[in-house]
Amino acid sequence: MDLRRSENAGDAEFRRRVELATRGDRKAMFYVAECYADGISISRNLHVAFVWYERAGKQGMIDAMYEVARCYCEGIGVCQDFESAKQWLEKAYGADHLINIPIRPAKTRSQQILQHMVTFEKRPGQENSGDAR
């Protein structure tokens with residue numbers, strides 16, 4: 001599968017972002033994933049969106065980690081796998097600079113279950129109520 005190929009050759013911005021993404025730019029990876037997920041500038045392809053989210057997540061992008069967890073949780077573009085979803089969500093929650101970012105509300109029953117599965121570690125100097133940080 002060629003993840004760099006744009007079906008809409010007229011969209012220069014999309015092609016530019018794909019080029020940046022293939023060079024390792026995690027923001028560009030996330031942008032490309034969003035385009036594939038929403039069908040913007042390219043035909044909608046949820047599996048390819050998942051692949052780009054995962055690449056950005058592996059580069060440390062918090063929003064991408066959450067999207068990978070959501071995809072696993074809901075079976076969007078990938079087989080549903082609650083254990084993998086939990087691992088990705090824990091990675092996102094465990095990132096040092098996530099401390100002051102509120103946890104996104106669960107919209108579906110499977111997301112609610114997933115959030116209950118995640119354990120919150122108490123960090124030095126922080127109170128841990130189990131709620132959003």
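Predicted model: local features only at pLDDT ≥ 70, side-chain atom pairs only at ≥ 80, totals over all residues.
The protein has six helices and zero strands. Read along the sequence, the pattern is therefore α-α-α-α-α-α, where each α stands for a helix, meaning a run assigned by DSSP. Of the 133 residues in the protein, 38% are buried. The protein exposes about 7800 Å², and carbon and sulfur atoms supply 47% of that area. Contacts between residues at least 6 apart in sequence can also be sorted by separation: 52% of them join residues at least 24 apart.

Next comes the interior. In soluble globular proteins, nonpolar side chains tend to be buried together. The largest nonpolar core here has 33 residues, and those with the most contacts inside it are Phe-14, Val-32, Tyr-36, Trp-52 and Tyr-53. At least two residues of this core come from each of the helices H1 (12-22), H2 (26-38), H3 (46-58), H4 (62-74) and H5 (82-94). H4 gives the largest share, nine residues.

Aromatic rings can be looked at in pairs. How many aromatic pairs does the protein have? The count comes to three. One of them joins Phe-14 and Tyr-36: the ring centres are 5.9 Å apart and the planes stand at 70°, so the pair is edge-to-face. The cut-off behind that label is an angle over 60 degrees. Phe-14 lies in helix H1 and Tyr-36 in helix H2, 22 residues apart, and the pair thus links distant parts of the chain. Both residues are buried. Another edge-to-face pair is made by Phe-50 and Tyr-72, with 5.2 Å from centre to centre and 80° between the planes. Phe-50 is in helix H3 and Tyr-72 in helix H4; these two are also 22 residues apart, and their pair links distant parts of the chain. Phe-50 and Tyr-72 are both buried.

Helix H3 can now be followed from end to end. At its start, a side-chain oxygen of Asn-45 reaches to within 3.2 Å of the backbone nitrogen of His-47. Which residues of H3 are buried? They are Val-48, Ala-49, Phe-50, Val-51, Trp-52, Tyr-53, Glu-54, Ala-56 and Gly-57. The buried residues of H3 pack against H1, H2, H4 and H5. Just after H3, Gly-60 takes a positive phi of about 100°.

Helix H5 can be read in the same way. Asp-81 caps its N-terminal end, with a side-chain oxygen 3.1 Å from the backbone nitrogen of Glu-83. H5 has 13 residues and reaches 18 Å between its first and last C-alpha, close to the expected 18 Å. Its buried residues are Ser-84, Ala-85, Lys-86, Trp-88, Leu-89, Ala-92 and Tyr-93. An α-helix has 3.6 residues a turn, so residues three or four places apart point the same way.

Why does Tyr-93 count as buried? Its relative accessibility is 6%, and buried means under 20%. Tyr-93 and Met-65 are 28 residues apart in sequence, while their C-alpha atoms are 9.3 Å apart in space.

Terms used:
Residues numbered from 1 in each chain as written. Heavy atoms only, no water. Core = buried A, V, L, I, M, F, W, Y, C linked by side-chain atoms within 4.5 Å. Buried < 20%, exposed > 50% of the residue type's maximum accessible area, 1.4 Å probe, protein only. Helix = DSSP H or I, 4+ residues; strand = E, 2+ residues; numbered from the N terminus. Expected span 1.5 Å × (residues − 1). Polar contact = N/O pair within 3.5 Å; in protein donor to acceptor, adjacent residues only side chain to side chain. Contact = heavy atoms within 4.5 Å. Areas by Shrake-Rupley, 256 points an atom, 1.4 Å probe, with all protein chains shown as cover. Phe/Tyr/Trp six-rings, centres within 6.5 Å; stacked < 30°, edge-to-face > 60°.
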